[in-house]
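Reader: I am new to protein models and would like to learn how to read one. Could we take it feature by feature, with the general idea before each case?

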Amino acid sequence: MTAPMTESAPAVEQVPEGTAPPLPWDLAESGAALPPSARPGRSLHGGPRLLRRLAEGQEDRPYELFRLRPLGPLIGAEITGVDLEEPLSARVREELHRALLEWKVLFFRDQWISHEQHLAFARNWGELEQQRVTLTGADAGVARYVKDAAHAGFENAWHVDMTGRPRPAMGFVLRLLKGPRAAGDTLFADAAAAYDNLPETVREQLGGLRAVHDLTATMGPFVPAEQVARIRERFPPVVHPVVRTHPETGRRTLFVNSVFTDRVVDMEPERGERLLQYLFRELQAPEYQVRFSWTAGAVAFWDNRAVQHYAVNDYFPAPRVTERVAIAGDVPY
C-alpha cells in the first residue's frame, strides 16, 4: 500500500535529464500532486517582493515645483500646489511628467475644472483620441460616464483601457463630478512590478509571446449581438506582446488583462488560458497596488502603459458621474 503524501514531502514528477521543468501554468492539470503554494488559484509565492519604483540607474530626486505625497512605496502619489484651471508652464509640465513616470498614477483633489480646462491639461501630453467604441465619427474629447440605478458600472475587473486597438492610449485623465461618500474607490497595479517578480524561468518563456486583444471579448453578456458585430467590424482584434517595453523608462511590463486579452497566439487554447490566468493572478498582488478614495473634484492621471486598474463597484444603485479624456498612444513593442 502506498504511503500517503504529506506537504513536507510532495510527490514530484520526474523530469528526464536535459528537459526543462514544467512551468507553473502547465502544472495546473496535476494540482493534487503540487505543494499548496503552487496549486491553481493559490498564492504563488509569499515573503518579500521586489518593489522597484524607478527604472534601473534612475536617480531618486526631489520635486521642486509642487508637493508630492506618496500613497505607498511603489505606486500612486497625491500632488498639491498645482492648479489645473491654469495653463501649465513648461517646467511644471516637465516635472509632472517625471512624477508620472516614477509613480505611474498621480492624484489631484479639489480641481473644479471645466471641459475645456480638462482637455487643455491632457493635451500637455499629446493628441487626444475618441474613447467610445459605439460612437462612429465622434470627436476626441471628454467622455461622460453616468452610473445610477438604471446604468450599472461593469468596470470592476482588472484591465488596461483600449488594448483592443492597434495603439492603446498612452494615458487617461479622469475626474469625479458626483459620487457617494466612502465608496467607488479605484485600485491601480504596477504591471512592471508584476513582471519583475515572476520567476526567471517564466520571464524567459514569455519573451516573444504575443496575445490577441479584442474590444468585444467580454461584451457578450451586456451588449446585443448585432452591436457587438458592428463594434468588432470597426475595431477588429489586434495582436500585442505579452510583455511590452515602456517606451520612456525601458521597464518591462506585463501587458495582458482579463477584459480585453482573448488568447495567446500559437498556443493550444487550454494551455494559453492557464498561462493567462497565472499572469492575471500575479498582477493582483496587493504589494503592487494603490487604492484611491475619490472625493468630488478629484482627478486621476495614469500612465496606461505602466498600470492596470480596477473600479470598485460598491456604490450601486447610488449615482456616480465621471468625465474622462484619453491621450493617444503608440504601438506596443
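Reader: Which residue stands opposite Leu187 in S13?

Author: Strands here are DSSP runs of E with at least two residues, and helices are runs of H or I with at least four, both numbered from the N terminus. Leu187 stands opposite Arg291 in S13. Two strands pair if DSSP finds at least two bridges between them, and strand S7 (residues 186-190) pairs with S13 in the antiparallel sense over four bridges. The model is a predicted one, in which local features need pLDDT of at least 70 and side-chain atom pairs count only at pLDDT 80 or more, while totals for chains, interfaces and linings use all residues. Residues are numbered from 1 along each chain as its sequence is written, and side-chain values use heavy atoms, with hydrogens and water left out.

Reader: How many residues does the largest nonpolar core have?

Author: In soluble globular proteins, nonpolar side chains tend to be buried together. A nonpolar core is a set of buried Ala, Val, Leu, Ile, Met, Phe, Trp, Tyr and Cys residues joined through side-chain atoms within 4.5 Å. The largest one has 42 residues, and Leu198 and Trp302 are among those with the most contacts inside it. Elements giving two or more residues to this core include strand S13 (289-292) and helix H6 (269-283), and H6 provides the largest share, six residues. Apart from this core lies another, of 27 residues, including Phe66 and Val325.

Reader: What does Leu198 contact, leaving aside its neighbours within four places in sequence?

Author: Contact means heavy atoms within 4.5 Å. With those neighbours set aside, Leu198 is in contact with Arg203, Leu206, Leu254, Tyr278, Leu279 and Glu282.

Reader: Why does Arg53 count as buried?

Author: Arg53 counts as buried because its relative accessibility is 12%. Arg53 lies in the segment before strand S1 (67-70), and, not counting residues up to four places away in sequence, the residues that Arg53 touches include Asp60, Trp103 and Arg251. A polar contact is a pair of N or O atoms within 3.5 Å; within protein, one must be able to donate a hydrogen and the other to accept it, and residues adjacent in sequence count only if both atoms are side-chain atoms. The side chains of Arg53 and Asp60 make such a contact at 3.1 Å.

How values were computed. Buried means under 20% relative accessible area, exposed over 50%, partly exposed in between (1.4 Å probe, protein chains only).
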